[in-house]
Each structure stands twice: as structure tokens, then as C-alpha cells.
Amino acid sequence: MTINWKTYSCHNLHDEMLVSSNKPRHYAVDLCNYLTDLSADELTDYKTAADLAIQTMGVTFRVYNDEEGSIDRAWPFDIIPRLIDKKEWQIIEVGLKQRVKALNLFINDLYNQQNIIKDGIFPAQLLEKSKNFLPQCKGFTPPLGIWAHICGSDLVRDSDGTVYVLEDNLRVPSGVSYMLENRQVMKRVFPEMFDKYTILPVDDYPSALYDMLAQFSPRDIAEPEIVVLSPGIYNSAYFEHAYLAQQMGAELVVGNDLVVDDKDCVYMRTIEGLTRVDVIYRRIDDLFLDPEVFNPDSTLGVPGLMRAWQAGNVALANAPGAGVADDKAVYAFVPEIIKYYLGEEAILPNVPTYKCINPDEQAYVLNNIDKLVVKPANESGGYGMLIGPHATAKEHQEFKELIKADPRNYIAQPMLMLSTAPTMVDNHVEPRHLDLRPFILSGEQITVTTGGLTRVALRKGSIVVNSSQGGGSKDTWIVDMEAL
């Protein structure tokens, strides 16, 4: 079967490619026409070529299964890209920079003067019960006041076309390697489409990441020693750790590869002896970083690493403690945080959010739980949440009890009807819900990837896009229509 846009239904939702059946958006006309001209055999060949490219390139992700343990799977990829007009993207980019700038100011304030609490903007109770606030970081300010050097903010679009920030990932955000690999796959499979469109590049991300990290080297040298600190091969994001280290020309290390000397400097063990390390791009959670300070049983971290960091002898990205803002209860206050620190209105809105810590809002959530999505403050990957309209009465009651027992740990939001995009299902297209995770780098300047990782809920009707729960991905094209 060939693609027939006349039979494609947007179901009264915002579709990223079509306004309605057989009516492409202005930036998708050429792509829709190109896909229409492909035969069923050609579509199958393109899909097979993409799968083979992913297999050849070794693009995998790891999932954890109670029955099978951890297993590596080929990266699920859809060959129809997601397009965004450059003019719209420029607004999103400014909004992301505004957001990350305010969040870094917020984190630094929490670990120092806490003026936002004293001024009554942010509740002290939220900080007191924060699982990600590290008392060990109090009184410390990292270089340039930047705690979250790499941020991945998840964006969604509602049925009316409004773009919302769904959450901010400030601890160890992952997925950027898949963004890069998606582009490489598309260049192999659809090289002719890159002649039809002016597509803004993403390939420069590894060099931009390296340059940003190098800015924080405590030593003023031409080529600082940068390492990527990984938990090891059994981590779900190990492919990304290895990929980014290779692309940056940095060393990939685990905790045992590093040692802190009596002068609080970090060294890497090599076959030629010890080599001084300047910057650590760490992909290990805070509580496993340093057994002297956090979990004493951790074998993933480096004893003395916090001493070296606080002495200014090594840079850590992201900084320990940045996760205090990677909290869905904090997320609810981001518009107020932007207003407080920058004196500006938020360019990108939050999804309307009910804070269960507020008695009136909690009462509303409890009375309307069947209509809402309830999320725990510190879970990720789509775990631990309740999708009220799809849940049972028993599940509703269980979550009511969880909320009443620990209201600080829960927020609730209306169930958004996420935008869709045409996605290959067997040898035809169907709409599937999606989101987008751009990556923001904060150094002397703030830069945003031109696009990001588009994640797709491959299961019909599902809004859960995480790969660990059946989601896939698309290449994201920011297209410059004025350049055509």
C-alpha cells in the first residue's frame, strides 16, 4: 500500500505535518508529495535500510525486565521525520534559554542566600522535603554560577497548537546521542530530501559540548583533560556515554579509573601512569558520586571527588545538587521563578499544574482524579504516574491514599491530547502522539540544539513516549523555508 493522505485522519488533534486530511502544512508539502510518490516496495525498502543502518551502527538502548533482566534492543526508529518551521523554533529557543538561565539562578540561590524563600515566592516546605537537595553543597557556588550545564527540557504541543514545557531534566539528561544517530540514519536513507529542504544541523553538538565543558577547566591550558564518567556497561544509557566520549575525543571512564590525591586533585589511571583530569562529564547519580560524602557502599563513584570539586580543582557537569530543580513540585513554580530572577514573563508556558501540597488544589485533584494525570515528584521515564482517564477505580483510590499520605510528592495535570505526526505502521501511515526533548548547554553563553530528540508513542492511542515503555523516535528537522 502506498501513502494516501486523503485517508489520513488527524482526529481533531494538532498534527505536526498536516492541517487536515490531504492538506499538508506549508513546510511539509514537499515531504508529503515525496512520500506519496513512493511505492509500497520502496517504502518497505526504506524501512529495511533504516533498520539495517541502526543495526550496523550499533544503536541500542537497554531495558530492564523482571523476567529477562537487562537486555539490549535495537533503537526503534520511524523513517518519517518530524518537521518544525525555523520561525517557530526561534521563539522556542529563546524560551528555553530564558528557562535554563532562571533555573541556574534558582539553584544557586537555594544553596546560598535562599532569597526566593525569604521573599515568600517559593515554599520552604518544598525544599525541606526535597530528595535532591544536597546539604553538602550549601554555601558553594560553582564557576559562573552554573549548576545545570546540560539540560533536556521536554516539550509537548496540545490540541490547540500551544507548545508547553512538560518537565526539565537537570540531573543526567539522556537521549542526545539518539538525536545525532537519527540524523545519520536519515542522511543514509533519504539523502535526496536534504537537497529539497534547508535543514538546520545538529551534527555540531559533540564539539559544542566539548567547548562548553572546556570552559570550566580549572587549569588554563589549551587542551584540558575531559572525561565521561559512566556507571559502566550495564547502565541503560551506556551507549550514549560511549558515543559522546568517542565523538568529543574524551576518555570514557568508570569510578575505579579515577583517584583523588592528598592535594584534592583528580587523576585518571592510564598505562603510562596518572593523568590529571580537569573536567568530568558525569553520568552517575548524585548519591553514588563520592562514597566519602554520600552512599558509603557505592563502588560507582570516586572517593574524595566532592573535596576536589569544592576545592576548585575539577569541574563537574552537571554539578552535584542540580537535581533540586529537577523535581515536578519545583516545576510547578518555574513561571514564578522566571519572574523573580529575570523580571520577565515565561515565554514557554508550563502545563497547567495542581500542587497537591496546597490543600485546595489537593481537594480538587482528589475529587477529579479520573480526569487528571498524577505524577510523583522525582520519578522519570513515565514510571509511577497515574493516567486518570485510563485507570481503574481501584487505581484511583490507591493514588488518592498516596497523595493524602505525602502530598508534597505529587502534582496533577489535565490530560493533554498531545500532537501527532504520521508514523509508519507496517506499510501505511497512522498518527502517533509525540514529544520533543531539545538539549540546552550553559557555559559563557547558552546554546540550544536545533531540534532535539522526538520521541513517539508507537502504540496506537498511547501518550507514553518513553522507549522503555514501547516508544520510538523520529529525526527532527528544523526547516528554513526562507532559504528555499
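Over how many bridges do strand β11 and β12 pair, and in which sense? Strand β11, which covers residues 266–270, is joined to β12 by four bridges, and the pairing is antiparallel. The model is a predicted one, in which local features need pLDDT of at least 70 and side-chain atom pairs count only at pLDDT 80 or more, while totals for chains, interfaces and linings use all residues. Residues are numbered from 1 along each chain as its sequence is written, and side-chain values use heavy atoms, with hydrogens and water left out.

Some terms are needed at the outset. Helices (H or I, at least four residues) and strands (E, at least two) are DSSP runs, numbered from the N terminus. Two strands pair if DSSP finds at least two bridges between them.

The pair formed by β11 and β12 belongs to an open sheet of three strands, with the order β10-β11-β12 and antiparallel pairing. Its edge strands are β10 (258–260) and β12 (273–276), each of which pairs on one side only. On average, neighbouring strands of this sheet are turned by 40 degrees against each other, direction ignored. Within the sheet, Met 268 stands opposite Thr 275 in β12.

Buried here means under 20% relative accessible area, whereas exposed means over 50% and partly exposed lies in between (1.4 Å probe, protein chains only). Both faces of β6 are covered: one side carries Ile 150, Gly 152, Asp 154 and Val 156, and the other carries Cys 151, Ser 153, Leu 155 and Arg 157.

Strand β6 also has paired strands. Six bridges join β6 to the antiparallel strand β7 (residues 163–169), and Ser 153 stands opposite Asp 168 in β7. These two strands form a hairpin with five residues between them, and Gly 161 in the turn has a positive phi of about 95 degrees. Strand β21 (residues 439–442) runs antiparallel to β6 and is joined to it by three bridges; here Ile 150 stands opposite Leu 441.

The helices provide another kind of packing. Two packed helices are described by the angle between their axes and the distance between the axes. Helix α8 (residues 205–214) and helix α9 (residues 238–248) pack at about 80 degrees, with their axes 9 Å apart. They are therefore roughly perpendicular to each other, a description that applies to angles from 65 to 115 degrees. The contact (heavy atoms within 4.5 Å) involves Tyr 205, Pro 206, Leu 209, Tyr 210 and Leu 213 of α8, together with Leu 244, Gln 247 and Met 248 of α9.

A single residue can be followed in more detail. Thr 423 lies in strand β19 (residues 420–425) and counts as buried because its relative accessibility is 1%. A polar atom of its side chain lies 3.1 Å from the backbone oxygen of Ala 421. The side chains of Thr 423 and Lys 474 are joined by a polar contact of 3.5 Å.

Finally, the cysteines may be considered. A disulfide is a covalent bond between the sulfur atoms of two cysteines. A search of the whole structure finds zero disulfides. Cys 32 is in none, and the nearest cysteine sulfur, that of Cys 10, is 9.9 Å away. The sulfur of Cys 265 is too far for a bond, because the closest cysteine sulfur, in Cys 137, is 19 Å away, whereas a disulfide requires a pair of cysteine sulfur atoms within 2.5 Å.

Note on methods:
Polar contact = N/O pair within 3.5 Å; in protein donor to acceptor, adjacent residues only side chain to side chain. Axes fitted to C-alpha atoms, helices over the stretch in contact; angles between N-to-C directions. Parallel < 35°, antiparallel > 145°, perpendicular 65-115°, else oblique.
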